[in-house]
Amino acid sequence: MKTKESLVNEVYEVIKEIHSYNVPEFAVFLLTSPSKDYLDWIDKETK
């Protein structure tokens, strides 16, 4: 799953609500050198 950093907490709360595991794995990987095109795509997809 991909999202913006500003939406991480919201995504985490939704996953906790709907996931069948008591403790689902939730890992965040920060991008260190994304292209502008990629960041623009994420921004468009998460509006």
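**Reading the pocket, a helix and a threonine**

Modeller: The residues that line the largest pocket divide into 13 nonpolar, one polar and four charged. Please keep in mind that this is a predicted model.

Biologist: How is such a pocket found, and what volume does the largest pocket have?

Modeller: Rolling a probe the size of a water molecule over the atoms shows where empty space is left. Here, the largest pocket has a volume of about 560 Å³. Its lining comprises 18 residues, of which Met1, Lys2, Thr3, Val28 and Phe29 are the closest to the centre. H1 and H2 are the elements that give two or more residues to this lining; the largest share, four residues, comes from H2.

Biologist: Which residues of helix H1 are buried?

Modeller: A residue is called buried when its relative accessible area is under 20%, and exposed when it is over 50%. In helix H1, residues 8–18, the buried ones are Val8, Val11 and Ile15. Seen down the axis of H1, these buried residues fall within an arc of 65°, so they line one face of the helix. The face turned away from that buried side carries Asn9, Glu10 and Glu17, which are exposed.

Biologist: Where is threonine 46 found, and which residues does it touch?

Modeller: Threonine 46 is found in the segment after helix H2 (36–45). A polar atom of its side chain lies 2.8 Å from the backbone oxygen of isoleucine 42. Leaving aside residues up to four places away in sequence, threonine 46 touches Thr3, Lys4 and Leu7.

Terms used:
Residues numbered from 1 in each chain as written. Predicted model: local features only at pLDDT ≥ 70, side-chain atom pairs only at ≥ 80, totals over all residues. Heavy atoms only, no water. Polar contact = N/O pair within 3.5 Å; in protein donor to acceptor, adjacent residues only side chain to side chain. Contact = heavy atoms within 4.5 Å. Buried < 20%, exposed > 50% of the residue type's maximum accessible area, 1.4 Å probe, protein only. Arc of directions from axis to C-beta. 1 Å grid on protein atoms, 1.4 Å probe; cavity = no way out; pocket = protein on both sides within 12 Å on 5 of 7 lines; lining within 4 Å. Points joined across faces, edges and corners; volume = space filled by probe spheres on them. Nonpolar A, V, L, I, M, F, W, Y, C, P; charged D, E, K, R; others polar.
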